[in-house]
Amino acid sequence: MPHTIDSLKLNKKNKKIYLVINSLVFFTFFMLAILAIYRIIFPSGYFVYSFANINSLKNTITDTTLSEKMLSFYASTPLRFSQVKINMELLNSDAPLENQTISIQKSYKAFFYPTAQNLEDLNNKEENQLISLDGSVFIIGNNQETPINNPTTFESLGYQWKNVHPNNKDLSIYEKQKLADINSAHPTGTILKTIPDENYYFIENHTKRKIINPPKENIINAIEVNDQSLKEKMNCTLTKSFLSKKKYECVVNLSSVNPLLGKDYNFTLENLPANLKIKQINLEFKKTPSQENFMFFLGDLKQKTFYRFGFKES
């Protein structure tokens, strides 16, 4: 004899409670999904540097230099953000930063190197090459071999895939360097080409040397940079935080430096007050909702999809 299981029936009050809870759960998941999509399309980027733990792996602000009169540091990202919020926390309030101005520039770290003596040409100088080996890409030249950690870093450094060639050299003769990641600067042997003026610079030992007579037809891996990058600056004036006497912050729009080539944002604070002791720096990059940013997201998604499946845009 078949068993019949009668479904439980909720009374009117419990049924109402069930519907309300069910609606709340659905609404919560719906809002979380919207928030997740929003953060994918309009992401934020967070960077930090602790002066109390300068060797911490959590420090994502790099090349931090603090002297008696100047503070300089970098944040590196391949994304194009709309604005950045700077927050500086001091160890004490004896050296205030009220109304101090932080300047922001964008390019590649190597282009911000100090200028050394000009080169007449590239005689006795070696331009780096890009080679592939076992699915990895290496920068080789000047007795050095620098592996690149992923395609994002490769593209963010301004290299082009068409210039990568299969390896036919004995790599054992090269001194292996630290793995290049998104925070890395271009190594010795890199050639930078400014646009639109077409000046060429040779990177050597953390300096850049202008090439007076560049052999343009023989230069293969020149990295393009903007002349304007050394002139264009965004200024951000610090104000005291309402939450603490030791914290100062400011927000600046990045619209004028965004079109410039490069992945590295250089922050500089000059004319520091005496006895300044900084505890921590925090940066929050934001991409604000706009049609331009949305179209940029769609274009980037299309490019990555084509690349993922091996297609080329026509």
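This is a predicted model: local features need pLDDT of at least 70, side-chain atom pairs count only at pLDDT 80 or more; totals for chains, interfaces and linings use all residues.

Reply: Strand β5 (residues 101–107) and strand β18 (residues 264–270) pair in the antiparallel sense over six bridges, where strands are DSSP runs of E of at least two residues, helices are runs of H or I of at least four residues, both numbered from the N terminus, and two strands count as paired if DSSP finds at least two bridges between them. Within this pair, isoleucine 104 has phenylalanine 267 of β18 as its bridge partner. Both strands belong to an open sheet of five strands in the order β2-β3-β18-β5-β15, with antiparallel pairing. Its edge strands, β2 (62–66) and β15 (234–237), each pair on one side only, and the twist averages 20° from one strand to the next, with axes taken as lines fitted to C-alpha atoms and angles running from 0 to 180 degrees between N-to-C directions.

Residues are numbered from 1 along each chain as its sequence is written, and side-chain values use heavy atoms, leaving out hydrogens and water. The mean pLDDT (the predictor's confidence in each residue, from 0 to 100) of the protein is 86, and 85% of its residues reach 70 or more. Confidence is lowest in helix α3 (residues 291–308), at a mean of 54, and highest in strand β12 (residues 200–204), at 98.
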